[in-house]
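Biologist: I have a new model open and would like to learn how to read it. Could you walk me through a few features?

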Amino acid sequence: MTEGMGSRARRTTSVQEKKKETTLLSILPPETTTSSSHSPAPMESSDVEQDLQRSVQAVLRELHAQAPALKSNRGMWRWSLHKKVDRDPRKSPVLVHILLRELEKAESEDVRHVIIPLLHTLMYVLTKATGITEELYQRTYAFCMRLLTLPAPYCTVALDCAVKLKTETAVPGTLYQRLVIAEQNLKNELYPYQERVFLFVDPELVPPSVCSALLLEIQAAQTQQTPEACMRHVVSHALQAALGGACRAEALQRKLQASPRRALERYFHAVVAAVEQMASEPSPSREGHLERLEEVHCSLLGPTAAARGRCGGNLLLPSGDALPGQPPSIPLPSPYITFHLWTDEEQLWKELVLFLRPRSHMRLSADLEALDLQGLLPDQELARASMLSTDSGIERDLPLGAEELPAPSSPETERAGLQRKGGMKKRVWPLDILMPSNWDGPPGLHRRTGRPTGDGELLPGVSRLHTARVLVLGDDRMLGRLAQAYHSLRKRETQTFCLTPRLSLQLYYIPVLTPEKPGSSRRVELGELAAFLGRADPWYESTVNTLCPAIQKLAEMPPALDTSQTVDPFILDVITYYVRMGTQPIYFQMYKVKIFFSDLSQDSAEDIFLTELKVKIQDSKLPKDGFSPRRKGTAEGPGAELALCYQKALLSHRTREVTISLRATELVLKALPASDSEDSRPTHSSPPPAVVSLTDHTCLNVSVTEVVKSSNLAGRSFSTMTNTFRTASIQIQSQDQRLLTLWLDKDNRRTFRDVVRFEVVPCPEPCSGTQKSKALWLSSHQQKEMERTKAKPKPLLMPINTFSGIVQ
């Protein structure tokens, strides 16, 4: 009887698991339903190429057409293409050859809108692949160099890819190694960069089922990504990428699995040293790199086994007649992601500070005090101290004993070579306080890793070794909260200057809209910024905007009963692809609103909005001081009398102030252009540094629901009409004691009532206290230029990363 009960329980469990598997496969395209537990049978190269060619063509059709049949699987074709290569690494050279051929075809036919998606797909394959021939690397590099003649964003993306390809061609495996080291925070001296993904979700805007489903998927993926496993992946990938078929992959993985932690760390540091030292050379030699990694290979497997691998190894050939034996797959671990429920306004600042300064280092307050003493706060005016020189410059005036020199190796000799006695002393940054010794990288690190020098060091001796990738999930209301936090962070940095010199902040956004009733317009209203990003970047529309229904389906699935069975995490894979390849920001103008209330004892309020400000008329009136009887027969009508004063946006970028009075029932100020308007071309752009400001090209679209009076035989009647205009700033005041209600960024939690007047202007960059000390270093001409530009403050723009920026 016990066996019968056990068999029934096993049948019930298998039925539930089969039901979950069927539910998961229902949201995937048909070609991804093959089981990953068994290796595919060896196929001819022509069959593999035809299968991959069909997948690539499906991605291209998705970019070309807008058919409903293709929209149902949008975003999954790219994912399934990468999964085919992950399950069988032998297909990587074939896929690289196909993608490069399609890119060259798009270049010759001038089909530009598919270039960036195909280039990102190609670079993602090259990052994970091994066995890519040098000829394919050089062809890809030459293609990227040809793209530099195209306008932005094509030349920007191509330049970033060309820099990576130049290093990867000479030192294979560099991209994979640096990516894993930075994302998994593997400690080493030669590549000290660290990255972390902060996933923020507002529990009041995102359903609890979605939050729990995402958290479970992230935890399930990260439980298998131990530091030891990541170090094994780095060693295996570096040896396979450099040695190719001469590397005994299976024996190597068995050896690494059996190695203790101390020995594994020794192999890991040896491989990192070999790769980074060769990549730092002005002209790295591929032969020298192979020799160093062959030594590591021999130390792992012994000279006999290594020699046997060189004699019997098969190189991967993308154009061969048959594929060689399948090497073990080396996964690319997903980045380290921390999940946060956004409940505190200062939560973003706190998490970034803890990332920059872990809990084990409790010197943050001391750092800020030391920074205050260095003239970084407005109270400190001077940035350097001077001393009157009493040195005549004549040798006979030297005091007695001055000719006695200290020992050559003494500290006094080193200081004497860097100082002038009695001369002007320049204040030096306290390197031991700004950056601990274990954080500072070797000299020239940023130059050889391809990082921009301007982003590498903002202060002498202080390097940006940390990258925080902040990913928010939600709708436009969540982006409004992010804009508030971003403005607060930038304002705080003008006082403490703690994060900016050492942290690179990257912002990402994935729309998650709560399901509404069919035909409801509320869902469309809350996803306006996501729709704008999709119009600006087609690859964002295809890859990221399609995640919303997939996340909702994941939340509806029952939890897996068998945790030992690995399931491909679709949502986590797409998030990982987005934060890795989405490096081109789109900048959005933030707006500041100053609000005045009917209660004179109440102070005015200031706030920030990013997408929309809505104004409605309250039923209540402002109490009058005295009695003023209304004339008989006058009809007040709906709405309120409003006085508007704004600067009209003209094509010539000249300012023209307009003042009007009208009766209106509602006003809507939108920072994003409508999709169906003739001005739907993106008004935001992603300029390179030191380019003309975008303030003149950024404006508010104001819609006013105006009340129109008409008289006829039946009496006086009222009708409404909507007028629209564009402006950079506006002031609105109620003139007939009617009070106003303001909603910011469509969020009911950010409501202001009993308003009589408000002003909206582009949010300026918070003034830094260090500008006073910087002005002392400038020449008279530069000081005059600085005073002239004070009247026009620099606008505060919030960047949101996409794959290409705005594609014109």
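Predicted model: local features only at pLDDT ≥ 70, side-chain atom pairs only at ≥ 80, totals over all residues.

Biologist: Is tyrosine 646 buried or exposed?

Modeller: The idea is to compare relative accessible area with a cut-off: under 20% is called buried. Tyrosine 646 has 8% relative accessibility, so it counts as buried.

Biologist: Which residues does tyrosine 646 touch, leaving aside those up to four places away in sequence?

Modeller: Its contacts include Arg656, Glu657, Val658 and Ile660, and also Phe725, Thr727, Ser729 and Ile730. As for distance along the chain, tyrosine 646 and arginine 726 are 80 residues apart, yet their C-alpha atoms are separated by 9.2 Å.

Biologist: Now the surface. Which residues gather in a patch of negative charge?

Modeller: That patch brings together Glu134, Glu287, Glu291 and Glu295. Helix H14, residues 286-301, supplies its largest share, three residues. Glutamate 295 sits in helix H14, and with a relative accessible area of 57% this glutamate is exposed, because exposed means over 50%.

Biologist: And which residues make the nonpolar surface patch?

Modeller: Met145, Leu148, Leu159 and Val163 form it, covering about 300 Å². One of them, leucine 148, is in the loop between helix H7 (134-147) and helix H8 (154-170).

Biologist: How does leucine 148 count in terms of accessibility?

Modeller: Its relative accessibility is 31%, so leucine 148 counts as partly exposed.

Conventions. Residues numbered from 1 in each chain as written. Heavy atoms only, no water. Patch = residues over 30% accessible without salt bridge, like charges linked within 9 Å, V, L, I, M, F, W, Y side chains within 5 Å. Areas by Shrake-Rupley, 256 points an atom, 1.4 Å probe, with all protein chains shown as cover. Salt bridge = Lys/Arg side-chain N within 4 Å of Asp/Glu carboxyl O. Lys, Arg positive; Asp, Glu negative; His and termini not counted. Charge placed at Lys NZ, Arg CZ, Asp CG, Glu CD. Helix = DSSP H or I, 4+ residues; strand = E, 2+ residues; numbered from the N terminus. Buried < 20%, exposed > 50% of the residue type's maximum accessible area, 1.4 Å probe, protein only. Contact = heavy atoms within 4.5 Å.
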